[in-house]
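Welcome! Take a first look at the model, then read on.

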Amino acid sequence: MPANNVLLWGARGTGKSSLVKALLNEYMHEGLRLIEVDKQDLLYLPEIVDEIREHRQRFVIYCDDLSFEAGDSLYKPLKSVLEGSIELPPDNVLFYATSNRRHLLPEQMRDNLDTLLVDGEVHYSDTVEEKISLSDRFGLRLAFYPQQTQTYLDIVDSYFPDYRGDREVLHKAALDFAHTRAAKNGRTAKQFFNSVSDGQAGF
């Protein structure tokens, strides 16, 4: 069936990359394949797509932690593959990316200076249009927001299902651990679990 390219964007450590890996684990026996491409190798995307378009498997081309800096032109081959060229993308290939940026490109306040409001309708500046045009090519955009304290503690509890000590002591140690890293998310919870296993937690 037809499907959209996917951009998973948002706060660090919230499970964006893990979700893509879980997708592969779930559907690899049905013919799903994952090709990971580093940002600097995006210029080879047209060749990669041509190589796999005739294969019977379904492919997800995956780029983790994707973002571009000002003046970076590596995003242009990606735009071309994501619907932008004369040749249609093959039916068996989709592109998935994770990023901390919603629009993948850096956004400056000065970019909005030429944005106009005409008859109640926003007309973005050319610079803003260029930056938005890349993320617009992802038909499915999922946002990952910073997690609440209780969600973080729930994740911690999932790592300690057989813990028989005082949960309040465990939670306090987990929160102290998170405060030293200024992040309460799934990645921090896993790191806390690893530190306890190694005897580093101090409780």
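A residue is called buried when its relative accessible area is under 20%, exposed when it is over 50%, and partly exposed in between. Arg167, with 26% relative accessibility, therefore counts as partly exposed. Please keep in mind that this is a predicted model. The protein chain has 203 residues, and buried residues make up 37% of them.

**The overall plan**

- The secondary structure of the protein chain consists of seven helices and seven strands.

**Strands side by side**

- Strand E1 (residues 6-10) pairs with E4 in the parallel sense, and four bridges link the two.
- To find a spot in this pairing, look for Trp9, whose bridge partner in E4 is Ser99.
- E3 and E4 also run parallel, joined by five bridges.
- Here Ile61 stands opposite Phe95 in E4.
- Strand E2 (residues 32-36) runs parallel to E3, and five bridges join them.
- Within E3, Ile61 is the bridge partner of Ile35.
- Ile61 is thus a handy landmark, because a bridge is a link that DSSP finds between strands, and Ile61 is partnered with Ile35 and stands opposite Phe95.

**A covered strand**

- How many of the residues of strand E4 (residues 93-99) are buried? Seven of the seven are, so the strand is largely enclosed by the rest of the structure.
- In a regular strand, side chains alternate between the two faces of the sheet.
- Both faces of E4 are covered. On one side you find Val93, Phe95, Ala97 and Ser99, and on the other Leu94, Tyr96 and Thr98, all of them buried.
- E3 is mostly covered as well, with five of its six residues buried.

**Salt bridges**

- Side chains of opposite charge can pair when their charged atoms come close.
- The structure holds three salt bridges.
- One of them joins Arg167 and Asp157, whose closest N and O atoms are 2.7 Å apart. Arg167 lies in helix H6 and Asp157 in helix H5 (residues 149-159), so this pair ties together parts that are ten residues apart in sequence.
- Another salt bridge links Asp176 with Lys172, with 2.9 Å between the closest N and O atoms. Both residues lie in helix H6, four residues apart, which is about one turn of the helix.
- Is Lys172 buried or exposed? At 53% relative accessibility, Lys172 counts as exposed, whereas Asp176, at 36%, counts as partly exposed.
- Asp50 forms a salt bridge with Arg53, and here the closest N and O atoms are 3.3 Å apart. Arg53 is partly exposed, with a relative accessible area of 22%.

**A closer look at Asp50**

- Asp50 lies in helix H2 (residues 45-52).
- With a relative accessible area of 43%, Asp50 is partly exposed.
- Which distance separates the C-alpha atoms of Asp50 and Pro89? They are separated by 9.3 Å, while the two residues are 39 residues apart along the chain.

**Charge on the surface**

- Which residues gather in a patch of negative charge on the surface? They are Glu36, Asp38, Asp64 and Asp65.
- Asp65, a member of this patch, sits in the loop between strand E3 (58-63) and helix H3 (75-84).

- Where is Ala182 found? Look in the loop between helix H6 (167-181) and helix H7 (186-197).
- At 65% relative accessibility, Ala182 counts as exposed.

Key: Residues are numbered from 1 along each chain as its sequence is written. This is a predicted model: local features need pLDDT of at least 70, side-chain atom pairs count only at pLDDT 80 or more; totals for chains, interfaces and linings use all residues. Side-chain values use heavy atoms; hydrogens and water are left out. Patches are made of residues with over 30% relative accessible area and no salt bridge: like charges are joined within 9 Å, nonpolar side chains (Val, Leu, Ile, Met, Phe, Trp, Tyr) within 5 Å. Accessible areas come from the Shrake-Rupley method with a 1.4 Å probe; for residues, only the protein chains shown count as cover. A salt bridge is a side-chain nitrogen of Lys or Arg within 4 Å of a carboxyl oxygen of Asp or Glu. Lys and Arg count as positive and Asp and Glu as negative; His and the chain ends are not counted. The place of a charge is taken as NZ of Lys, CZ of Arg, CG of Asp or CD of Glu. Buried means under 20% relative accessible area, exposed over 50%, partly exposed in between (1.4 Å probe, protein chains only).
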